[in-house]
Amino acid sequence: MKPEARADQTEGSKRNKGRIPRRKEPTEHEKFFREDRKDHEGFLKQKLAKEAKARQFWLPNSGFLTICHLSFVMRRRSRFKSKKCMSDKVAMAISAHPDDIEFYMAGTMLLLSAAGYDLHYLTVANGGCGGTQQDAVTIARTRAAEAKRAAEILGATFHPSFCNDLEIVYDLNLLRQLAAIIRAVKPGIILTHPPVDYMEDHTFTCRLVVTAAFAREMPNFVTTPARKPYSADVTIYHATPHGLTDPLRRLMIPELFVNTEDVHNRKCEALAAHKSQAAWLETSQGANSLISMLDAFSSKVGELSGRFRHAEGWWRHSHLGFCREDADPLRETLGSLTTTLKNP
Ligand SMILES: [Zn+2]
């Protein structure tokens with residue numbers, strides 16, 4: 001640094017000494033995330049309040065328990081236990097971008113929903129780079145509305161994104177936010193990208209999901225916002241990579257196939273909710289190409305299964321730190337709608 005510059009800086013710091021620094025104005029992105037977060041925080045607060053109310057049965061105001069009171073508590077306890085079993089049927093899809101869930105996971109989600117599962121829908125990034133004619137904030141706003149609509153069609157609870165496209169990295173701030181959402185939702189099944197895929201947003205989403213889920217029961221890992229850990233099994237399933245190949249162009253054959261033919265139209269409807277992407281691809285690649293891409297992809301996975309016309313493919317993540325070794329809730333729940341290859 002030049003001596004004059006150092007002198008100017010010293011003068012400047014002398015002038016600013018004792019003054020309260022001016023608060024930095026939030027950027028458009030920050031405002032967007034804050035607005036969206038406000039809605040979502042409301043939803044999560046309600047969910048946590050409900051859970052806290054349920055827990056109150058364990059903490060009677062009086063320190064003295066009569067036999068009558070005890071039997072009342074025991075009755076509530078058994079009811080609470082069976083309710084807890086029900087809430088174990090929670091499946092959460094976590095992808096990198098808006099429309100990834102529809103491409104790789106939505107059919108399985110719809111089938112799980114038909115089997116009594118509560119569904120949750122989260123894309124880590126906001127899709128702001130998915131277009132060339134508008135700025136990132138405008139595109140992100142449009143895509144958040146489209147993703148909300150798609151989640152509605154799938155019957156899933158929507159969770160807003162908290163990152164920009166191409167900015168998903170293995171970062172502590174993102175990890176703390178994702179872990180907080182997982183602690184609030186408490187999913188028994190997580191559907192996400194595979195550890196190898198065509199782009200880094202997908203692979204980093206996968207890594208963040210795995211660690212965030214791993215940290216669900218660790219009290220010394222602090223989440224943002226702070227949420228209490230919980231102890232319950234979670235089974236993670238990885239979806240097929242885009243193009244069904246790894247980054248070195250090698251074919252990736254899933255270990256489990258789910259027959260999505262019966263829910264294919266609904267899956268297409270959810271994908272069509274991403275109108276801005278459909279319009280962008282229609283202009284650049286021809287009519288209805290988004291749906292054509294989905295048709296081609298799920299037919300290809302179906303063909304690999306050797307049994308189904310349309311399918312989604314999955315790999316189970318290691319059980320270590322997550323669930324029982326033999327836990328396979330997808331196969332247990334969907335039964336004859338699944339198949340594996342005899343000689344993969
Ligand atoms: Zn993507």
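Trainee: What share of the contacts with a separation of 6 or more comes from residues 24 or more positions apart?

Mentor: In this chain, that share is 75%. Keep in mind as we go that the model is predicted.

Trainee: How many helices and strands does the chain have, and what percentage of its residues is buried?

Mentor: There are twelve helices and eight strands. Of the 344 residues, 37% are buried.

Trainee: Let's start with the sheet. In what order do its strands lie?

Mentor: The order is 3-2-1-4-5-7-6-8, in an open sheet of eight strands with mixed pairing. Strands in a sheet are held as pairs by backbone hydrogen bonds, and a pair can be parallel or antiparallel.

Trainee: Why are strand 3 and strand 8 said to stand at the edges?

Mentor: Strand 3 (156-159) and strand 8 (338-339) each have a single partner strand, so one side of each has no neighbour in the sheet. For strand 8, two bridges make an antiparallel pairing with strand 6.

Trainee: Now the helices. Why are helix 9 and helix 11 called oblique to each other?

Mentor: Helix 9 (residues 264-272) and helix 11 (residues 289-305) pack at about 140°, with axes 10 Å apart. Roughly antiparallel needs an angle over 145 degrees, so this pair is oblique. The crossing of helix 9 and helix 11 is right-handed.

Trainee: Which residues make that contact?

Mentor: Helix 9 brings H264, C268, L271 and A272, while helix 11 brings L290, I291, L294 and S298. Six of the residues in this contact are nonpolar, two are polar and none is charged.

Trainee: Then why are helix 6 and helix 9 called roughly antiparallel?

Mentor: The axes of helix 6 (residues 136-154) and helix 9 cross at roughly 160° and come within 8 Å. The cut-off is over 145 degrees, so helix 6 and helix 9 count as roughly antiparallel. Their crossing is right-handed.

Trainee: What residues form the contact between helix 6 and helix 9, and how do they divide by type?

Mentor: A150, I153 and L154 come from helix 6, and R266, E269 and A270 from helix 9. They divide into four nonpolar, no polar and two charged.

Trainee: On to the loops. Is D99 buried or exposed, and how do you know?

Mentor: Buried takes 20 or more other C-beta atoms within 10 Å. D99 has 25 such neighbours, so D99 counts as buried. D99 sits in the loop between strand 1 (90-95) and helix 4 (100-104). Its phi is near 90°, a positive value in a residue that is not glycine.

Trainee: And what makes R249 exposed?

Mentor: Exposed means 12 or fewer, and R249 has 8 other C-beta atoms within 10 Å, so R249 is exposed. R249 lies in the loop between strand 5 and strand 6 (256-259). R249 has a positive phi too, about 70°, although it is not a glycine.

Trainee: Last one: where is P225 in the chain, and what is the peptide bond from T224 to P225 like?

Mentor: P225 is in the loop between helix 8 (200-214) and strand 5 (235-239). The bond from T224 to P225 is cis, with omega near -10°.

Conventions: Residues numbered from 1 in each chain as written. Predicted model: local features only at pLDDT ≥ 70, side-chain atom pairs only at ≥ 80, totals over all residues. Helix = DSSP H or I, 4+ residues; strand = E, 2+ residues; numbered from the N terminus. Axes fitted to C-alpha atoms, helices over the stretch in contact; angles between N-to-C directions. Parallel < 35°, antiparallel > 145°, perpendicular 65-115°, else oblique. Left-handed = near helix turned anticlockwise from the far one by under 90°. Contact = placed C-beta atoms within 7 Å. Nonpolar A, V, L, I, M, F, W, Y, C, P; charged D, E, K, R; others polar. Pairing = 2+ DSSP bridges.
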